[in-house]
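Work through these exercises with the sequence and the model side by side. Try each task before reading its solution.

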Amino acid sequence: MTGTGSDLRRVRRDALGIGVYALAFGASFGTISVASGLDVLQTSVLSLVMFSGASQFALVGVVGSGGSALAAVGAALLLGARNSFYGVRLATLLPRRDVRAPRSLATGQLVIDETTAMAVGRDDVREQRYAFWFTGAVLFVLWNVGTLAGALFGRAVGDPASLGLDAAAPAAFLALLWPRLADRTSRLVAAAAAVTALALVPVAPSGVPVLAAAAVPLLAVLDRSAVRS
Amino acid sequence: MIWGAVVVGSVGVYLLKLAGLSLPGRVLERPAVRSVAALLPVALLSALVAVGTVDGSGGITLDARVGGLAAAVVALLLRAPFVVVLVVATATTGALRAVG
């Protein structure tokens with residue numbers, strides 16, 4: 001079966017729906033980034049080049065709480081690692097020319113949560129490829145437009161704390177975390193990670209408590225493998 | 001310093017995306033690696049929520065942000081969309097500061 005006109009129309013409609021969400025999400029990012037101490041250009045470079053929501057929020061979150069550049073980069077990379085796994089999956093769906101240089105340089109930039117979900121959710125090859133590229137292009141444009149608008153708004157706001165904007169970053173992390181708490185293991189890991197990070201806040205430099213929490217899933221999985229063997 | 005984090009972090013995250021497409025999938029397909037990768041965002045996001053809510057000048061500070069995050073939890077339980085959750089958290093925190 002090949003994708004028909006109405007199938008592709010459905011892909012476009014779904015992608016535009018996600019795009020509206022990306023516009024608002026991008027605007028939140030822009031506002032939070034500027035409130036965290038980045039300027040408008042730095043904020044836009046993140047959305048253009050990093051182009052991965054959770055990593056971007058993490059980087060500005062660590063910078064905003066006074067963490068070092070190294071800790072900020074570490075948090076962004078650890079959150080960005082999941083995209084590598086999406087890439088492995090997409091490499092089996094997309095045509096070879098899309099995953100080979102030079103085209104892979106553009107394909108790679110669009111390997112994120114939403115494009116993977118849209119492509120993997122279709123059963124026809126042409127539809128999968130269309131869903132990936134169409135969703136990716138819509139998201140890239142709207143995410144960046146939203147970011148710029150949010151950053152300019154954030155710059156216009158004088159004192160971020162008086163508006164409560166310092167609560168926006170942790171609220172954003174909570175909203176990103178929420179749908180990932182469906183199973184018991186995830187909830188345990190989330191609780192252990194929060195406790196680990198909080199225990200380190202008084203003694204470790206800013207940014208380090210968040211990075212230390214990355215050890216929790218490692219220990220959880222090692223422990224489970226040890227129990228099984 | 002911020003520029004360094006922006007440039008290195010951006011290029012690094014981009015290379016991670018590219019790596020999945022280009023590298024042979026065998027390493028990343030091991031079950032233990034997949035489990036850790038699935039739980040990493042959970043751990044980091046949870047730590048970022050905790051630290052972002054209570055950190056302040058080298059220690060733990062309980063202020064209006066805690067009320068804002070509690071309001072965000074209520075919004076999430078009511079299935080509010082992302083932006084509404086942020087607005088609720090921000091407005092609650094701002095309001096608590098204005099009256100406190």
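**Exercise 1.** Which residues have the most contacts inside the largest nonpolar core, and how many residues does this core have?

*Solution.* Start with the ground rules. This is a predicted model, where local features need pLDDT of at least 70, side-chain atom pairs count only at pLDDT 80 or more, and totals for chains, interfaces and linings use all residues. Residues are numbered from 1 along each chain as its sequence is written, while chains are lettered from A and ligands numbered from 1 in the order in which they are written.

Next, the term. A nonpolar core is a set of buried Ala, Val, Leu, Ile, Met, Phe, Trp, Tyr and Cys residues joined through C-beta atoms within 7 Å. Buried means that 20 or more other C-beta atoms lie within 10 Å of the residue's own; exposed means 12 or fewer, and partly exposed is in between, with C-beta atoms placed from the backbone.

Now the answer. The largest core has 104 residues. Ala75(A), Ala171(A), Ala43(B), Leu44(B) and Ala47(B) have the most contacts inside it. Helix 4 of chain A gives the most to this core, with 14 residues. (Helices are DSSP runs of H or I with at least four residues, strands are runs of E with at least two, and both are numbered from the N terminus.)

**Exercise 2.** Find the residues that Leu44(B) contacts, leaving aside its neighbours within four places in sequence. Then describe the interface.

*Solution.* Two residues are in contact if their C-beta atoms, placed from the backbone, lie within 7 Å. For Leu44(B), the partners are Ala58(A), Ala75(A), Leu78(A), Leu79(A), Val210(A), Ala213(A) and Ala214(A).

Widen the view. In total, 80 residues of chain A are in contact with 64 residues of chain B. Helix 4 (residues 69-93) gives the most to chain A's side, with 19 residues. That side divides into 59 nonpolar, 18 polar and three charged residues. Here Ala, Val, Leu, Ile, Met, Phe, Trp, Tyr, Cys and Pro count as nonpolar, Asp, Glu, Lys and Arg as charged, and the others, Gly among them, as polar.

**Exercise 3.** In what order do the elements of chain B run from the N terminus on?

*Solution.* Count them: chain B has four helices and two strands. Their order is α-α-β-β-α-α. Chain B is more spread out than a compact globule, because its radius of gyration is 19 Å, well over the 13 Å that the globule rule gives for 100 residues. (The radius is taken over C-alpha atoms; the rule is 2.2 Å times the number of residues to the power 0.38.) The C-alpha trace spans about 60 × 35 × 25 Å along its principal axes. Of the 100 residues, 42% count as buried.

**Exercise 4.** Which residues does a cis peptide bond join?

*Solution.* Look at Ala101(A) and Pro102(A), where omega is about 0 degrees. Pro102(A) is in the loop between helix 5 (96-99) and helix 6 (103-109) of chain A.
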